[in-house]
Amino acid sequence: MMHFKAIISLCLVTYVSCGTTLIRSKRQTSNEVATRIVAVSKAKPELLSTAVSQADPGLLRVALTDADPKLLEVALTQAIPELLGTALTEGVNGDNLRVALTKARPDTLATALTKADADLLFAALAEANPD
């Protein structure tokens, strides 16, 4: 009986220590932490709502994982909600979104998200060759 209790205790300790390690997700990079801080602390509520409710999940992942935090701040503070929704909609090429959120000049990104025709913005993000 004593051996049985010892084995059960050992199994329980092993499960707790290994199980929680397996459940934990991978660590976020410093860029991922920075983009999430921007999203939570600097975004206009209506733009954050648009991004979360209308975005294709894969594109939202690109935005929150790869974006330059300064460019993400431009997108989440200056965009027109309709154009932000267009930029994050299904059919947009994730590589093109990544280029826009990592290599664009802030003023160019702001112009694209405030003054562009929605159909042209979609075409540029869906069909352009990111190379």
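**Core, pocket and a helix face**

Tutor: In this predicted model, the largest nonpolar core has 30 residues, and those with the most contacts inside it are Leu 76, Leu 84, Leu 88, Leu 97 and Leu 113. Helix 2, helix 3, helix 4, helix 5, helix 6, helix 7, helix 8 and helix 9 each supply at least two residues of this core, with the largest share, 5 residues, coming from helix 5.

Student: What makes this set of residues a nonpolar core?

Tutor: A nonpolar core is made of buried residues such as Leu, Ala and Val that are joined through side-chain atoms within 4.5 Å, and buried here means under 20% relative accessible area.

Student: Which residues is Leu 97 in contact with, leaving aside its neighbours within four places in sequence?

Tutor: They are Leu 59, Val 62, Ala 87, Leu 88, Val 92 and Leu 125, where contact requires heavy atoms within 4.5 Å.

Student: Why are the buried residues of helix 3 said to line one face of the helix?

Tutor: In helix 3, the buried residues are Leu 47, Thr 50 and Ala 51. Seen down the axis of helix 3, these buried residues fall within an arc of 95 degrees, so they line one face. The face turned away from that buried side carries Pro 45, Val 52 and Ser 53, which are exposed, and exposed requires over 50% relative accessible area. Among the elements covering the buried residues of helix 3 are helix 4, helix 5 and helix 6.

Student: How many residues of each class are in the lining of the largest pocket?

Tutor: That lining has 27 nonpolar, 3 polar and 1 charged residues, and helix 7 gives its largest share, 5 residues.

Definitions and conventions: Residues are numbered from 1 along each chain as its sequence is written. This is a predicted model: local features need pLDDT of at least 70, side-chain atom pairs count only at pLDDT 80 or more; totals for chains, interfaces and linings use all residues. Side-chain values use heavy atoms; hydrogens and water are left out. Helices (H or I, at least four residues) and strands (E, at least two) are DSSP runs, numbered from the N terminus. Ala, Val, Leu, Ile, Met, Phe, Trp, Tyr, Cys and Pro count as nonpolar, Asp, Glu, Lys and Arg as charged, and the others, Gly among them, as polar. Buried means under 20% relative accessible area, exposed over 50%, partly exposed in between (1.4 Å probe, protein chains only). The arc is that of the directions from the helix axis to the C-beta atoms.
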